[in-house]
Amino acid sequence: MKSLNDINFKNKKGLIRVDFNVPLNDEFQVTDNTRILAAKPTIEKILNDGGSVILMSHLGRPKGKDDKFSLRHIVPELEKVLGRKVIFIDDSIGDKVQKAVKELKPGQVLLLENLRFYPEEKKGDENFAKALADLGADYYINDAFGTAHRAHASTAVIARFFDKDHKAPGKLLEKEIHSIRKALDEGQKPVTAIIGGAKVSSKIGVIENLLNKVDNLIIVGGMAFTFLKALGNNIGDSIVEDDKIDLAKRILKEAKEKNVHIILPVDLVVADRFSNDANTKIVDADNIPDHWQGLDIGPKTRDLIDEVLQNSKTIIWNGPAGVFEFDKFAKGTEHIGLSIGKASEKGAYSLVGGGDSVAAVKKLGLTDKISYISTGGGALLEMLEGKTLPGIAALSE
Ligand code: AMP
């Protein structure tokens, strides 16, 4: 795969697939510009070389053309981030766009309309991909890690129409691949992964792959109850996937065979209902009363996790330890964030990804301490599963 830095963009036009799927408020202002900032290094590399840039992205989930989802809303924020003017065009393909691309001069930035106004984008339609490839750009650059696990027209199929020397990952995509590999494949031992979230079913592939990569696997959140039940514990009314009990047993057995130390909650904050106003108490994991449900890890578990993390050299975290949306059950998740921050300060390499974990790290002001915060949700999970993402594979085919 070619690296962006190997290309000189002087007088060349780079078509970049970015992920500008940013949140907007009621006045259509960008409320979090993280994704725009993340694309800046790639855009600047091309402009600084003396080239010009054509940006394409999706925004939200429009059903056909809908001004609410127009990328024109993000132009002011994009101009602010880049410190230069951005030309917006209200289509993604066709004569009008080709003309605008043709007239583009070095140093200029053109933003195309929301790709998902065309249903062909998500379908990975070859003709639509070709129409994008025919806009007149010299290079195709993919910098949208968040959609790299999708074989959409602009994220993967388009790459077929550019030869190996005329396509490359953007700097963000390159950094994501490098950071995930560094933790997953080249991590200094002991390697610890913390996997949380509601259900084990959504992370089976991740857990199975991690069994081949890590020394310690910490399982928290709702999914821990399926494992606790598999071990014979009474779990009261806690969330559980009964059809995954056998799978949990198999994972526990496999972990033992592979010498992976599995850490499950030893105590829990249980509640008498699923509410921030619920009555709560702390109980041991083998003593959950009937009709109560575990909504967070308890203090003994927090200390146990802290001890493992402070002795780890590489840490991977995805998924909350409890129902952190309710303040009453956010302690476990926050504690994990703080503990990872502390371990990172002492030199551990830490990778955090997934909306909830990233939100926790941001809320705690730990973003500078974590070694790498992934911008991907589904894409990160698929990388952790050991899958080759279509958007990445297409760049070297
Ligand atoms: P996921 O999208 O799979 O990472 O799951 C995130 C969700 O898991 C969050 O909305 C949490 O509220 C939820 N969650 C975490 N722990 C529990 C729990 N003990 N019981 C129910 N839901 C939980």
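Which residue forms a salt bridge with Arg72, and how far apart are the closest N and O atoms? The partner is Asp67, and the closest N and O atoms of the pair lie 2.7 Å apart. A salt bridge here is a side-chain nitrogen of Lys or Arg within 4 Å of a carboxyl oxygen of Asp or Glu.

A word on the ground rules: this is a predicted model, in which local features need pLDDT of at least 70 and side-chain atom pairs count only at pLDDT 80 or more, while totals for chains, interfaces and linings use all residues. Residues are numbered from 1 along each chain as its sequence is written, and side-chain values use heavy atoms, with hydrogens and water left out.

## Salt bridges

Side chains of opposite charge can pair when their charged atoms come close.

| Pair | Closest N and O atoms |
|---|---|
| Arg72 and Asp67 | 2.7 Å |
| Asp32 and Lys362 | 3.6 Å |
| Arg273 and Asp272 | 3.9 Å |

Salt bridges with shared partners also tie Glu208, Arg250, Glu254 and Lys258 into one network.

The salt bridge between Asp32 and Lys362 connects distant parts of the chain: Asp32 sits in the loop between strand 1 and helix 1, Lys362 in helix 12 (residues 355-363), and the two are 330 residues apart. Helices (H or I, at least four residues) and strands (E, at least two) are DSSP runs, numbered from the N terminus.

How open are these side chains? Relative accessible area sorts residues into buried (under 20%), exposed (over 50%) and partly exposed (in between), using a 1.4 Å probe and protein chains only. Asp32 is partly exposed at 30%, and Lys362 is partly exposed at 38%. Arg72 has 41% and counts as partly exposed, as does Asp67 with 44%. For the remaining pair in the table, Arg273 is partly exposed at 41% and Asp272 is partly exposed at 30%.

## Backbone points to check

Phe28 is not a glycine, yet its phi is positive, at about 60°. Phe28 belongs to the loop between strand 1 (13-17) and helix 1 (34-49), and its relative accessibility of 31% makes it partly exposed.

Asn259, also not a glycine, has a positive phi of about 60°. Asn259 lies between helix 9 (245-257) and strand 9 (261-263), in the loop, and counts as exposed at 69% relative accessibility.

Finally, Lys189 and Pro190 are joined by a cis peptide bond, with omega about -10°. Pro190 is in the loop between helix 6 (171-184) and strand 7 (191-195).
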